[in-house]
Amino acid sequence: MSDMSIISAILVVVVAFLAGLEGILDQFQFHQPLVACTLIGAATGNLTAGIMLGGSLQMIALAWANIGAAVAPDAALASVAAAIILVKGGNFTTEGIGVATATAIPLAVAGLFLTMLVRTASVALVHTADKAAENGNIAGVERAHYLALVLQGLRIAVPAALLLAIPAQSVQHALGLMPDWLNHGMVVGGGMVVAVGYAMVINMMATREVWPFFIIGFALAAISQLTLIALGAIGVAIAFVCLNLSKQGGGNGGGGTASGSGDPIGDILEDY
């Protein structure tokens, strides 16, 4: 780790460990690419590059979700490892970020394999917790839970530490051996994956109530003078206006209860 300070390396491993935990807990979203890459970028002194990489990966991870027994690709390992590769490579241009984004896809599959191993090992911990519960040993149940969480954190922290141990010169040399056509192809492929992920999110969210906001958002995004903070403020203001109008208008002519939105899943979620 001679190319990176010890403090930065420790902070990166800590972020990786928290990302591994959050891949299961989903409490503070450390495993989300936008958060993990930004934190690693801040820890290594490359905040802007971390935010740009996190934004690119986040557009891919938006469409990743666990459905039943099917586990989504591991966003935690993809985010952490891609950010480390970007920092080690030293190429913070659009091409370098595109290459790091493309390498995140196979890393996500590798992370899926790792989490399957950890989940399999956790079965024994579940049986241990069951036995402790039968004996009224609450402390034993808690220890089993904490140990299972530690394993989930280590499945990201250990690969991150191994990547940090690789000299930056070796990473840069390996990236330099890649031909231009492969680099450009990975950038194009990464952009296509981002577009597919965004399209899947729109397909899941698109309703009669939401489409006007998509149209307004795309129109406002074309105004280059507006910053992201300005766009966010406009979105919040429009949301408040719609909430106030919905409270004042009511449904069925204003005299009855509010009618359904036409989206059954949306109505069920609204009930909660």
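Author: The model is predicted. Take the packing of α1 and α6: their axes lie 7 Å apart, at an angle of about 145°. The crossing of these two helices is right-handed. On the α1 side, the residues in contact include Ala-9, Val-12, Val-13, Ala-16, Phe-17 and Gly-20. On the α6 side, they include Leu-149, Gly-153, Ile-156, Ala-157, Ala-160 and Leu-164.

Now α6 itself. The helix covers residues 138-165, 28 residues in total. From its first C-alpha to its last it reaches 40 Å, close to the 40 Å expected at 1.5 Å a residue. At Leu-154, α6 bends by about 30°, and Leu-154 is also among the residues that touch α1.

Which residues of α6 are buried? Gly-140, Val-141, Ala-144, Ala-148, Gln-152, Gly-153, Arg-155, Ile-156, Ala-157, Ala-160 and Leu-164 are. An α-helix has 3.6 residues a turn, so residues three or four places apart point the same way. The cover over the buried residues of α6 includes α1 (6-25), α4 (75-89) and α5 (94-134).

One of these covering helices, α4, also packs with α2, which spans residues 33-43. The axes of α2 and α4 are 9 Å apart and meet at an angle of about 30°; the two helices are therefore roughly parallel to each other. α2 passes α4 in a right-handed crossing. Pro-33, Ala-36, Cys-37 and Ile-40 of α2 make the contact with Ala-75, Ser-79, Val-80 and Ala-83 of α4.

Conventions. Residues numbered from 1 in each chain as written. Predicted model: local features only at pLDDT ≥ 70, side-chain atom pairs only at ≥ 80, totals over all residues. Heavy atoms only, no water. Helix = DSSP H or I, 4+ residues; strand = E, 2+ residues; numbered from the N terminus. Expected span 1.5 Å × (residues − 1). Bend = angle between axes of the 7 residues up to and from the residue. Buried < 20%, exposed > 50% of the residue type's maximum accessible area, 1.4 Å probe, protein only. Contact = heavy atoms within 4.5 Å. Axes fitted to C-alpha atoms, helices over the stretch in contact; angles between N-to-C directions. Parallel < 35°, antiparallel > 145°, perpendicular 65-115°, else oblique. Left-handed = near helix turned anticlockwise from the far one by under 90°.
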